[in-house]
Amino acid sequence: MSKRILILISVLLLLQSGCVLAVTPSAASPASATDTSKVVVQAPANATATPTPFMPLPPTPTVPVTPTPIATATSTIAPYVWGSYPGPTRSSEVDIPPPMEPIEQPEGQTTILLMGSDQRPNEGGFRTDVMLLLTLNPQEGSVNVTSFPRDLYLYVPGWRMDRINITQSRGGFEMTSLTFEYNLGVKPDHWVLINFNGFVTLIDALGGINVQVGHALTDQRDSDTYSVPAGLVHMDGDTALWYVRSRYSTSDYDRTRRQQEVLLAIFYRLVSLDALARASELYEQYRQTVQTDLSLGDVLSLLPLAIRLANDGSINSYYIGPNQGTEYITPGSGAWVVLPDREAVRSVMMQALNAP
């Protein structure tokens, strides 16, 4: 069975179960962990997605565009630009764009939205600052991973123009999926949500992970300045969480690259621990660690698919990055957001979704 396909199924098992594995001291040591420098990440030659590694934009906000008229919930625009989707219930600081035409996908393809939240115990509000869309295509023998910046400014059906990272807390996966469908041309088939505590517990239970760091990073960690060099770096749970969330010295675009690096490191660590053989056990033991609509049957159903994809699978990396959006400060609230270039975004999404 192809190692790349094992990787994909492993991450689904991981996120479905929380994958708090009991490992031996030898398995937990950096020396025995899988060398993530061998991770295969490739993109088609005609991809418009930002290549990895890439140089992030400076974090200083700019205002390169002029605000457009405000569209409100009581707008008299006819016909209503939002079509059959729920209309806004609050005013927006820029015009609401029309829905994006749905992107045609190959038959049998599955999309799964992976989300990391900053939700804390006994607190209601949270944001999903990590959003990755997995696209599994059995005919092509490929897995595509697409990252979205947390400040991407979109129309949230039934709400208003807002950042993409607020949809899950405001309206659950129904609102999140409608937002993806309206603005990105795809409605994810499934979803997985994990919070900070679950993420740290997960990494530590794996004995840490070896992350192939694309660019050296120096930033604040608690009250100290902390650095990691470029190259293969062993990280515990707290370090991995800092690495994927760090934002003071880099941009949101750079965060999406780091998130994919950590995701791939988790994949390979799971493969080295033979997590597939323990799928049912892990599901029953740790199903409370994450929230998801995937059942054990959904996850196990990927095993025959892995056989069909054996030996010729590939992992392709895509980003909605600086070439697909413009940094912008909203005229009323002064919020720093990323206004999408809809044509450029659609071009990336069509490739990430293997559009015919």
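In which helix do arginine 258 and aspartate 254 both lie, and how many residues apart are they? Both belong to helix H6 (residues 252-272), where 4 residues, about one turn of the helix, separate them. Arginine 258 and aspartate 254 are both buried; buried means under 20% relative accessible area, exposed over 50%, and partly exposed in between, with a 1.4 Å probe and protein chains only.

The model is predicted, and local features need pLDDT of at least 70, side-chain atom pairs count only at pLDDT 80 or more, and totals for chains, interfaces and linings use all residues. Residues are numbered from 1 along each chain as its sequence is written, and side-chain values use heavy atoms, with hydrogens and water left out. The predictor's confidence in each residue, pLDDT, runs from 0 to 100. The chain has an average pLDDT of 75, and 67% of the residues score at least 70. Over residues 1-79 pLDDT stays under 50, and the model has 204 contacts beyond four places in sequence for this stretch. A contact means heavy atoms within 4.5 Å.

The chain contains 10 helices and 14 strands. Of the 356 residues in the chain, 54% are buried. Among the contacts with a separation of 6 or more, 72% are between residues 24 or more positions apart.

Helix H3 (residues 167-184) is not straight. Although H3 has 18 residues, its end C-alpha atoms are only 14 Å apart, short of the 26 Å that a straight helix would reach at 1.5 Å a residue. The expected span is 1.5 Å times one less than the number of residues. A kink of about 100 degrees is centred on phenylalanine 173, the bend at a residue being the angle between axes fitted to the seven residues ending there and the seven starting there. Phe173 is itself buried, and the buried residues of H3 also include Thr167, Met175, Leu178, Phe180 and Tyr182. Their cover includes strand S1 (110-117), strand S2 (130-137), strand S6 (190-195) and helix H10 (342-352). Glycine 185 follows H3 and has a positive phi, near 80 degrees.

Asparagine 183 also lies in H3, and it counts as buried because its relative accessibility is 5%. A polar atom of its side chain lies 2.8 Å from the backbone oxygen of tyrosine 155. The side chain of asparagine 183 also reaches the backbone oxygen of threonine 179 at 2.8 Å. Such a polar contact is a pair of N or O atoms within 3.5 Å; within protein, one must be able to donate a hydrogen and the other to accept it, and residues adjacent in sequence count only if both atoms are side-chain atoms. Not counting residues up to four places away in sequence, asparagine 183 touches Met100, Leu154 and Tyr155.

The structure holds 8 salt bridges. Arginine 150 and aspartate 151 form one of them, at 3.9 Å from N to O, and both residues are buried. Another joins aspartate 162 and arginine 160 at 3.4 Å, N to O. Aspartate 162 counts as buried at 12% relative accessibility, whereas arginine 160, at 28%, counts as partly exposed.

Aspartate 204 lies in helix H4 (residues 196-205) and is partly exposed, with a relative accessible area of 41%. Its C-alpha atom is separated by 5.1 Å from that of glycine 237, 33 residues apart along the chain. A polar atom of the aspartate 204 side chain lies 2.7 Å from the backbone nitrogen of glycine 237. Leaving aside neighbours within four places in sequence, aspartate 204 is in contact with Asp236 and Gly237.

Most residues other than glycine have a negative phi. Aspartate 222, which is not a glycine, has a positive phi of about 60 degrees. Aspartate 222 is found in the loop between strand S8 (217-221) and strand S9 (224-228), and it counts as exposed at 76% relative accessibility. Asparagine 354, also not a glycine, has a positive phi of about 55 degrees and is placed in the segment after H10.

How values were computed
Helices (H or I, at least four residues) and strands (E, at least two) are DSSP runs, numbered from the N terminus. A salt bridge is a side-chain nitrogen of Lys or Arg within 4 Å of a carboxyl oxygen of Asp or Glu.
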